[in-house]
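Dear colleague,

I am passing on the structure we spoke about, and below it you will find notes on what came out of going through it. Please read them with the coordinates open beside you.

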Amino acid sequence: MNDLPDSYVQRFLLDHLDIRGAVVRLDAVWTQLQRNRNYPPEVAQLLGEMCAIAAVIAGNLKQPARLTFQIQGTGPVGLLVVDCTELLNMRAMARTDSDTTGLHGLRALVGDGRLQLALDAPSMREPYSSLVPLEGDDIASTFEHYLSQSEQQPAGLWLACDEHRAAALFLQKMPGADQRDADGWSRAHLLAQTVKPAELLELDAESMLRRLFAEEDVRLFDAREVTHDWPADRDKIVNMLRALGEDEVRATLATHGEVVVRDDLSNIDYRFDATDVDLLFLATPSAPPDAHDNGTDDTTKDDQDEGNKPPTLH
């Protein structure tokens, strides 16, 4: 077995059944995504499961692109967002509007809501977006429904998440599966259903798949690393503040003693004291540069947190 990164997507094929799948393990990445967040455990579990699913789906991207998964609801958890590139560089956030103590399950935490999936790529004239109803009482059911409908083939998802790790097992029937083995999908799906959360969280992909599908020929592909690498971009925030205007920025400074811009999706705070604000407007250019003109294409609409709103100013 090759050495594995601590956060990865590893695809596999049940060769004689024409059934494909993937295993996801997020260790250090999941720890980084939670840093300084203090999410309640039930909220963290929802977000971690959503991150694991995003890694499965983003792993299918074959060209430069970005997938964004957003759940908005009327419950205590008003927003869940996961953003992942074709290189499996991931970021994520959740917004909790009220106490979630004692609440469990997607419906109890999110309430009435919807899942929005957006794909943005340089080759596309405009981003593709679709809305998916929240099916069942967990995120797995919602995404199983989406994958089955979008690809017209049955799919299964099994998820686990704790304080240290998020994990997923994905299984999908391919178009020629019934010709290879009429009972193959039913058999493989039943075997996958026996996987335990502890196995998802503790076993590497090869060990888990050999245990689940001991009688099948499993072809395991090379693992792909998942990362969380979104460095601060202070120039972007400087341009935003200049566009906002000196009067509003100085009013915020007078009220709070500093200006803090929160990029929640990337989990970064940008702080400006009185000296920073003086320098900011002392050298204000005649027109704020456009983000597309200074090499910051990666920080456009998908960096605008919480439903395409700008980073939070306070």
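How many helices and strands are there in the protein chain? There are 12 helices and 14 strands in the chain, and please keep in mind throughout that this is a predicted model. Of the 314 residues of the protein chain, 50% count as buried.

On the α2 side the contact is made by Leu46, Glu49, Met50, Ile53 and Ile57, and on the α4 side by Ile139, Phe143, Tyr146 and Leu147. Sorted by class, this contact has 8 nonpolar residues, no polar ones and 1 charged residue.

Glu49, which is found in helix α2, deserves a separate word. With a relative accessibility of 10%, Glu49 counts as buried, since the cut-off for that class is under 20%. Leaving out residues up to four places away in sequence, Glu49 touches Ile139, Leu159 and Cys161. The C-alpha atoms of Glu49 and Ala140 are 8.0 Å apart in space, although the two residues are 91 residues apart in sequence.

In the second pair, the axes of helix α9 (residues 234–244) and helix α11 (residues 274–282) come within 10 Å and cross at roughly 75 degrees, and that angle makes α9 roughly perpendicular to α11. Here Arg234, Val238, Leu241 and Arg242 of α9 meet Asp276, Leu280 and Phe281 of α11. The residues of this contact divide into 4 nonpolar, no polar and 3 charged.

The remaining notes concern single residues. Asn89 is found in the loop between β4 (77–85) and β5 (90–96), and at 13% relative accessibility Asn89 counts as buried. The side chain of Asn89 makes a polar contact of 3.4 Å with the side chain of Trp230. Apart from neighbours within four places in sequence, Asn89 is in contact with Asp83 and Cys84, and also with Thr227, His228, Asp229 and Trp230.

Asp264 is likewise a loop residue, found between β12 (259–263) and β13 (268–272), and its relative accessibility of 14% places Asp264 among the residues that count as buried. Which side chain does Asp264 join through a polar contact of 2.8 Å? The partner is the side chain of Arg37. A separation of 9.3 Å lies between the C-alpha atoms of Asp264 and Arg95, two residues that are 169 residues apart along the chain.

Finally, Gln70 lies in strand β3 (residues 66–73) and, at 10% relative accessibility, counts as buried. The side chains of Gln70 and Gln72 are joined by a polar contact of 3.4 Å.

Definitions and conventions. Residues are numbered from 1 along each chain as its sequence is written. This is a predicted model: local features need pLDDT of at least 70, side-chain atom pairs count only at pLDDT 80 or more; totals for chains, interfaces and linings use all residues. Side-chain values use heavy atoms; hydrogens and water are left out. Contact means heavy atoms within 4.5 Å. Helices (H or I, at least four residues) and strands (E, at least two) are DSSP runs, numbered from the N terminus. Ala, Val, Leu, Ile, Met, Phe, Trp, Tyr, Cys and Pro count as nonpolar, Asp, Glu, Lys and Arg as charged, and the others, Gly among them, as polar. Buried means under 20% relative accessible area, exposed over 50%, partly exposed in between (1.4 Å probe, protein chains only). A polar contact is a pair of N or O atoms within 3.5 Å; within protein, one must be able to donate a hydrogen and the other to accept it, and residues adjacent in sequence count only if both atoms are side-chain atoms. Axes are lines fitted to C-alpha atoms, for helices over the stretch in contact, and angles run from 0 to 180 degrees between N-to-C directions. Angles under 35 degrees count as roughly parallel, over 145 as roughly antiparallel, 65 to 115 as roughly perpendicular and the rest as oblique.
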